Every structure is written in C-alpha cells, then in structure tokens.
Amino acid sequence: MVDLRQEIENARSEITMACDLLEAAADCQSRALTALERAIEGSLKEGFKALPQSAVPVTSHRKQHRAGRICKIETDPELQAFIRARIDRLTYVELAREVANYFPPDRRVSRSSIQRWWKRQLSPETQSSITNSE
C-alpha cells in the first residue's frame with residue numbers, strides 16, 4: 001500500500017524547492033533589470049556625446065537616399081541631353097513621343113517620368129514660381 005504521509009511529505013518538499021528556485025530567479029531577474037537600466041541611463045548621458053560629428057548636413061545626406069529604382073533619365077546622359085534640348089518647346093506628351101521615336105524600347109520613358117525628372121532638376125525658386133503661377 002502507498003504511504004500517503006510519505007507522498008504528501010515528498011510533494012511538500014518539491015514545492016518548497018520550486019519556491020526557492022522561483023525566488024532565486026526573481027532575484028536574478030531584478031539584478032539584471034537594474035544593470036540594464038544603469039547601462040541605458042549611462043549611454044543616454046555619455047553615449048551620444050562619444051559619437052563623431054558628421055561633416056555632411058543631415059538633410060543633404062538624406063537627399064541622396066531615395067527609395068525605389070533610379071530613374072532611367074538619371075542614368076542616361078544622352079537621354080538627358082535629348083530631353084533638355086526639347087523641354088522648352090514641347091509638352092511632356094510630345095516629348096515622350098519624340099523619345100519613343102528616337103530611342104530603342106529599353107531606353108524609352110513615359111510622360112510622367114519626364115515630368116518628375118524635370119521637376120527634380122528645377123531649382124527651389126523656379127519650382128515655387130511655377131507652383132504659384134498655376
């Protein structure tokens with residue numbers, strides 16, 4: 001027959017050991033959290049001062065990182081010259097047709113691509129005067 005008292009005593013002993021382990025884990029977690037908080041506080045006070053200063057202004061740096069693919073016009077000097085030579089005399093639609101007639105299919109660009117590229121080429125002063133006149 002199973003000794004009920006012995007089983008209860010074994011269970012009580014196991015529960016006591018588990019409680020001791022949980023307390024030790026909680027103490028360890030508390031020490032780790034305190035150490036982490038000190039490290040974060042120290043890095044916030046001193047860490048950023050240790051970083052080197054950038055020679056390039058932030059806005060200029062960000063300007064170079066555009067999302068998406070590079071525009072075909074940006075990578076093709078001949079296409080740029082072709083568009084620049086005609087941009088003041090033709091509409092964007094007419095210019096896209098001229099590009100399609102002159103260049104092979106892999107170098108053709110759409111009306112909207114030409115418009116976006118040209119807008120980026122304009123100086124801020126020119127852009128504002130165009131926007132105000134519309």
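Start by selecting helix 5 and helix 6: helix 5 passes helix 6 in a right-handed crossing. A crossing is right-handed if the near helix is turned clockwise from the far one by less than a right angle, and left-handed if anticlockwise. Helices here are DSSP runs (H or I, at least four residues), numbered from the N terminus.

Before you go on, a word on the model. It is predicted, so local features need pLDDT of at least 70 and side-chain atom pairs count only at pLDDT 80 or more, while totals for chains, interfaces and linings use all residues. Residues are numbered from 1 along each chain as its sequence is written, and side-chain values use heavy atoms, with hydrogens and water left out.

**Colour by confidence**

pLDDT is the predictor's confidence in each residue, from 0 to 100. The protein chain has a mean of 84, and 78% of its residues reach 70 or more. Confidence is highest in helix 5 (residues 92-102), at a mean of 95, and lowest in helix 7 (residues 124-133), at 56.

**Helix 5 against helix 6**

Now show residues 111-121, which form helix 6; the axes of helix 5 and helix 6 come within 8 Å and cross at roughly 110°. Axes are lines fitted to C-alpha atoms over the stretch in contact, and angles run from 0 to 180 degrees between N-to-C directions. That angle makes the two helices roughly perpendicular (65 to 115 degrees; under 35 is roughly parallel, over 145 roughly antiparallel, the rest oblique). Show side chains: Y92, V93, L95, A96 and V99 of helix 5 meet R111, I114, Q115 and W118 of helix 6 (contact means heavy atoms within 4.5 Å).

Look for Q80, I83 and R84 of helix 4 meeting I114, W117, W118 and Q121 of helix 6.

Turn to helix 4 and helix 5, where the angle is about 140° and the axes are 11 Å apart. This pair is oblique. On helix 4, pick E78, L79, F82, I83 and R86; on helix 5, their partners are L95, E98, V99 and Y102.

**Last stop: a salt bridge**

Which side chain meets R120 in a salt bridge? Select E74: the N to O distance is 3.9 Å. A salt bridge needs a side-chain nitrogen of Lys or Arg within 4 Å of a carboxyl oxygen of Asp or Glu. R120 lies in helix 6 and E74 in helix 3 (residues 72-75), so the pair ties together parts 46 residues apart in sequence.
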